[in-house]
Amino acid sequence: MEMTDYLRSVAALVLVLGMILGVLWLLRRFGVPGMVPPRTSVRRLALVETIALDSRRRLVLVRRDGREHLLLLGTSGDLLVEGNIETAQDDLGGVENKP
């Protein structure tokens, strides 16, 4: 094979990979029902705080739609400690202001 054949093969590979990435970007941008959900500007899920209890267990506070859920994550399984905790809009993250 000559050098032009190698260059033609590499160019074809780059073109195919570019087309695949372009299609994936379009799917992600516009969203196809049942495949990739479109990105929304409002995030509904947030990790508020996490703390390691020991090397195997961790407490995680997750906020979803204005409500918080306290989860205990471990190697033996996961447990909902407390759910549907209402949060105040002016919540300071558990820090109190004392004069």
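Does E49 count as buried, exposed or partly exposed, and at what relative accessibility? At 48% relative accessibility, E49 counts as partly exposed, where buried means under 20% relative accessible area, exposed means over 50%, and partly exposed covers what falls in between (1.4 Å probe, protein chains only). This is a predicted model, so local features need pLDDT of at least 70 and side-chain atom pairs count only at pLDDT 80 or more, while totals for chains, interfaces and linings use all residues. Residues are numbered from 1 along each chain as its sequence is written, and side-chain values use heavy atoms, with hydrogens and water left out.

On confidence, pLDDT is the predictor's own score for each residue, from 0 to 100. The mean pLDDT of the protein is 83, and 78% of its residues reach 70 or more. The stretch to treat with care is residues 94-99, where pLDDT stays under 50. For residues 94-99 the model has 1 contact beyond four places in sequence, a contact being heavy atoms within 4.5 Å.

Now for the overall layout. The protein has 1 helix and 4 strands, with helices (H or I, at least four residues) and strands (E, at least two) taken as DSSP runs and numbered from the N terminus. Along the sequence the pattern reads α-β-β-β-β. Out of 99 residues, 7% are buried. Among contacts with a separation of 6 or more, 2% involve residues 24 or more positions apart. The protein exposes about 9,000 Å², and carbon and sulfur atoms supply 60% of that area; accessible areas come from the Shrake-Rupley method with a 1.4 Å probe, and for residues only the protein chains shown count as cover.

The helix, α1, spans residues 3-30 and includes L17. L17 is partly exposed, with a relative accessible area of 45%. Together with L13, V16, I20, L21 and L24, L17 makes a nonpolar surface patch of about 580 Å². Patches are built from residues with over 30% relative accessible area and no salt bridge, joining like charges within 9 Å and nonpolar side chains (Val, Leu, Ile, Met, Phe, Trp, Tyr) within 5 Å.

Back to E49, which sits in strand β1 (residues 45-52). Leaving aside residues up to four places away in sequence, E49 touches L59, V60 and L61. E49 and V62 are 13 residues apart in sequence, and their C-alpha atoms are 7.3 Å apart in space.

The next strands pair up, which here takes at least two DSSP bridges between two strands. Strands β2 and β3 run antiparallel and are joined by 7 bridges, with R64 standing opposite R67 in β3. They form a hairpin with 2 residues between them. The β3-β4 hairpin has 4 residues between its strands, and G77 in the turn has a positive phi of about 155°. N84 is found in strand β4 and has a positive phi near 55°, despite being a residue other than glycine. N84 counts as partly exposed, at 47% relative accessibility.

Finally, the charged pairs. A salt bridge is a side-chain nitrogen of Lys or Arg within 4 Å of a carboxyl oxygen of Asp or Glu, and by this rule the count comes to 5. One of them links D65 and R44, whose closest N and O atoms are 2.6 Å apart. D65 lies in the loop between β2 and β3 and R44 in the loop between α1 and β1, so this pair ties together parts that are 21 residues apart in sequence. D65 is partly exposed at 42% relative accessibility, whereas R44 counts as exposed at 54%. Another salt bridge joins the side chains of R63 and E68 (2.7 Å, N to O). R63 is partly exposed at 29% relative accessibility, but E68 is buried, with a relative accessible area of 8%. The side chains of E86 and R67 meet in a salt bridge too (3.6 Å, N to O). That pair links distant parts of the chain, with E86 in strand β4 and R67 in strand β3, 19 residues apart. E86 counts as exposed at 63% relative accessibility, and R67 as partly exposed at 31%. Salt bridges that share partners also join R44, R64 and D65 into one network.
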